[in-house]
Amino acid sequence: MNSPLLALAITLASLGDPVPELVTKTYDLSAAAPKLTGHAAERVVPRLDINRDHEGPPEQFSATDEIADWLFGTFEAEFEYEGRAFEIVGGGRVRITATPAVHKEIAGVLGFLEQSLQHTAVLRVDWIERPDGAPLLPSFVPLAEADQIVAAGQKPRTAQVQLAPGCAHTLVAARELELLVDYNVEIAQAATIADPIIHSFEIGRRSVWVGSSTRGGVQLAAFVSDSELQGAVQETTIALGGVLTTERGAQQLDDRASVQSLAVAQHVLAFNLFVPEGQAAVIEVGSDLESARSRRALVIRPSGTRKDPIASHTFNGGKSRLQIVDGTFCVTPEVRSEWDPNWLSPRSLRDLFNDGHSQSVELSSGDTSLFESSFEAFANRLNKEGNQRNLRSIGPWALVRDVGESLSEPLSMSFPSLAAVETPSSAGLSLTLRRGPRALAVWSTPIVAGGSAVFSIGGEQFAVRDADVEVAQMAATMDPHVGSRIDGILGDLHCSRAQDGSWSIAIRTRAHVLTGAAQSIDAGSVAKIPVELATAEELTLSERVVLGAPGGARKIVLGSGGELQLELELR
């Protein structure tokens, strides 16, 4: 047969083949891609500080690029045919040209990812006020009893948190007070002027939650700040005492101005927590100090159905399977304190904080790198010969794609890293700062083995603390300094549990308790700048104590009788 006849035969034969229908669709991957935050950092003390940036929600990182790459790899063979296309068009979207059958498979895969890479647990959080002198609530209660506690509390407030692995969730319910707090004094050769400084203070509740499901419940790393204005905002008239020298001699300037100050009851906590299934965790904090009186409780409980850490989706006629494993199931969220090394020294807290030092805390969902390496080795051992297997991580998730005529058994909870996860050990602990029989500050909280906590309980005042003299060639004036004063106790602790069931508590703490109201005096002879001075008692501790050993004590008192003492009790 000559070549023209052969070409004609091929052409006639091809006319009998159906031309595949191609459809172009755009998919928004942002619904499937997790919003990862990595970690969240928050200030513990001082909270009333004009030299810090206002907190905002942690920066989020979308995983849409990773999802797009994963999706292309899953259907890569389809895009080798003529006319098919896979394009990234920006904004978390992809444009795909393929057959209707392939589009159906893609929609199924994206739906699976949307369901699997979203929240794994839902928390209900209730804030209530408690009466002074009421006995401490238990650290763990059944869910029905939690309802009774909330119903009996005063001014209840409720919020829901949807926990997603690798993500920090911020809740703020607060108001902002804008105050004229200070002046930036400018002085030149023969002139002086005071530039007013306006600052906004956040009063109310701020919380950050990092966590996920684990065996037997939900594990958390959380930050909670709760502040309440004590009394009215104070306004004080000051005279900067400006002096200007001219050819007529020294002239005193009429440079009166006003500044505003405030005091708050401020309780700031960062902690690890495990909430067992069917129970609620209860945290209680209060102060009875010269500058702050407040008593609050926080009731935390899981809500809804908890998701399993493994999800699977089979497609392509049973020849392909996607599996997703949540690594946070077997990794404890972290609370890391970032303390200034001077905070336990005898140096005045006023000087420490007014010099720009601060105490902060960082929350994260934990390091999943060990999980990922062990998972990869285990998953590869299960793969059947002849199958194609691809493993990848997106944030804290491990993703497995299998393709083959005979797929291996799906992964299950027998995967060693998941099977080895035990229900975390928990207990209740109370810390009470006393002067004689009087409880000045109290904190009752659940603790978890291997967990950490940071706390600041008491009050904070913001007012004029000092004044400097500014001098130029022919002018002079006073420059007021404002700052925070801490009244209460701050510190951190780490908890571990021994084989005999006892708890080891490593605690560092510093109490700074005012002994009376601050006294206002005028700084300067010509100037009239009322500066508040106060006297405080101090207690500084760095100890490791063991509670709950067989036959041992469940309560210990640190400090000297007749002075400040710290009482720790295992509840």
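1. In this predicted model, the largest nonpolar core comprises 50 residues. Those with the most contacts inside this core are W209, I300, W443 and L493. Strand β29 (residues 503–514) supplies the largest share of the core, namely five residues. Apart from this core lies another, of 29 residues, with W70, F75, F79 and V109 among them. In soluble globular proteins, nonpolar side chains tend to be buried together.

2. The surroundings of W443 may be inspected in detail. Not counting residues up to four places away in sequence, W443 touches L269, I283, E284, V285, L429, S430, L431, A453, F455, I457 and L493. L493 is itself listed with W443 among the residues with the most contacts inside the largest core.

3. S444 is placed in strand β26 (residues 438–448). Its relative accessibility is 1%, and S444 therefore counts as buried, the cut-off being under 20%. The side chain of S444 makes a polar contact, at 2.8 Å, with the side chain of R571. Residues up to four places away in sequence aside, S444 touches L136, L137, S139, V282, I283, E284, L429, S430 and R571.

4. A further point concerns an open sheet of three strands, in the order β1-β6-β5 and with antiparallel pairing. Strands β1 (23–28) and β5 (85–90) stand at the edges; each has a single partner strand, so one side of each is left without a neighbour in the sheet. On average, and with direction ignored, neighbouring strands of this sheet are turned by 20° against each other.

5. The pairing of β5 with strand β6 (residues 93–98) is antiparallel and extends over five bridges. Within β6, I96 is the bridge partner of F86.

6. P100 belongs to helix α3. Is P100 buried, partly exposed or exposed? At 39% relative accessibility, P100 counts as partly exposed, because this class lies between the cut-offs of 20% and 50%. P100 and P20 are 80 residues apart in sequence, while their C-alpha atoms are 9.4 Å apart in space. With neighbours within four places in sequence left aside, P100 is in contact with E21 and V23.

Technical notes. Residues numbered from 1 in each chain as written. Predicted model: local features only at pLDDT ≥ 70, side-chain atom pairs only at ≥ 80, totals over all residues. Heavy atoms only, no water. Pairing = 2+ DSSP bridges. Helix = DSSP H or I, 4+ residues; strand = E, 2+ residues; numbered from the N terminus. Axes fitted to C-alpha atoms, helices over the stretch in contact; angles between N-to-C directions. Buried < 20%, exposed > 50% of the residue type's maximum accessible area, 1.4 Å probe, protein only. Polar contact = N/O pair within 3.5 Å; in protein donor to acceptor, adjacent residues only side chain to side chain. Contact = heavy atoms within 4.5 Å. Core = buried A, V, L, I, M, F, W, Y, C linked by side-chain atoms within 4.5 Å.
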